[in-house]
Amino acid sequence: MSAITPERTGVTTQAIEGGQPVRLAPNYWPFVVPALVVVGAVIVFPWAFTLWMSVNRWTLGQSRSFAGMENYLRLASDARFWESLWHTLTYTFLSVAAPMVLGTIAALIFDARFPLRGLLRAVFVMPMMATPVAVALVWTMMFHPQLGVLNYLLSLVGIPAQEWIFNANTVIPSLVAVETWQWTPLVMLIVLGGLASVPREPFESAEIDGANVWQQFRYLTLPMIAPFLMIAVIIRSIDALKSFDIIYAMTQGGPGTASETINIYLYNTAFSYYDIGYGSAMAVVFFVVIVALSFILLMLRQRSRWIDQEGK
């Protein structure tokens with residue numbers, strides 16, 4: 001049997017009088033410092049700089065001056081900001097609810113065994129492989145009031161043409177439809193993974209007791225896949241809150257400001273109007289909103305964990 005050397009164990013040793021080795025604590029700092037530098041450069045510094053800019057009056061091309069809380073007080077009386085916040089929350093709620101419902105239904109369908117199931121699964125997940133800007137351009141053409149294919153299909157069944165993203169009343173639902181089309185497959189994959197881990201014994205017992213399909217889903221399937229549903233909700237909420245590319249490529253916040261979310265308003269303020277200080281204050285407030293919503297979602301995630309028979 002070969003002797004175990006310090007090189008094999010990864011323990012640093014040092015010889016002393018008598019030839020006996022002494023264990024030394026391993027030094028991990030050479031591995032930790034590069035990661036800390038990257039985190040500081042990529043995350044900490046940008047946010048610290050944004051926070052600093054938010055307390056300054058700074059318009060590109062003009063001198064900078066300290067403003068204190070002026071930018072934040074300005075947000076409180078900015079009707080356009082509150083409108084964009086409402087658009088953001090509405091868009092996020094609809095962009096989470098619709099994929100969750102449709103994705104869960106799709107997962108239940110694809111969990112069953114039928115011919116060509118694998119091929120149909122592959123076709124179903126294809127939309128989320130496309131880039132958001134490409135999806136936005138294609139759907140913009142489809143939404144065209146005169147030349148779009150959607151209005152042509154509606155005309156075949158006698159439904160009047162719709163204005164879709166060109167009408168203030170239908171622009172957000174239309175954008176949500178695009179978001180739902182692209183990201184429902186992601187929810188389906190997450191829920192499908194949850195269904196694959198569900199044991200079959202409770203369902204067999206329920207069938208013997210006379211439970212119908214709805215009762216099995218309501219009292220067995222849904223509680224068992226609840227943790228997976230919460231994961232899907234968290235992922236979709238984060239993605240919908242920071243959605244920018246699809247909205248900007250399709251409407252740029254229009255018509256007027258009907259689809260202007262905080263991301264669009266922030267971008268226009270900082271890079272179109274060059275009001276860097278006010279845009280930075282908006283970014284800080286939006287960050288606080290995201291943290292609050294994330295905290296709520298994580299609390300709900302904790303409550304959706306599986307509970308064993310002992311209640312632990």
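Q: Why is Trp-47 called partly exposed?
A: Its relative accessible area is 35%, and the term covers values between buried (under 20%) and exposed (over 50%), with a 1.4 Å probe and protein chains only. Trp-47 therefore falls in the middle class. This is a predicted model, where local features need pLDDT of at least 70 and side-chain atom pairs count only at pLDDT 80 or more, while totals for chains, interfaces and linings use all residues. Residues are numbered from 1 along each chain as its sequence is written, and side-chain values use heavy atoms, leaving out hydrogens and water.

Q: Why is the pair of Trp-214 and Phe-217 called tilted?
A: With ring centres 5.9 Å apart and planes at 35°, the pair is tilted.

Q: How do you know whether Trp-214 is buried or exposed?
A: Trp-214 has 57% relative accessibility, so Trp-214 counts as exposed. Phe-217, at 18%, is buried.

Q: What makes Arg-200 count as lying over the face of Phe-203?
A: The rule asks for NZ of Lys or CZ of Arg within 6 Å of the ring centre and within 35 degrees of the ring normal. Arg-200 is 4.8 Å from the ring centre and lies over the face of Phe-203.

Methods:
Rings of Phe, Tyr and Trp (its six-membered ring) pair if their centres lie within 6.5 Å; planes under 30 degrees apart count as stacked, over 60 as edge-to-face and the rest as tilted.
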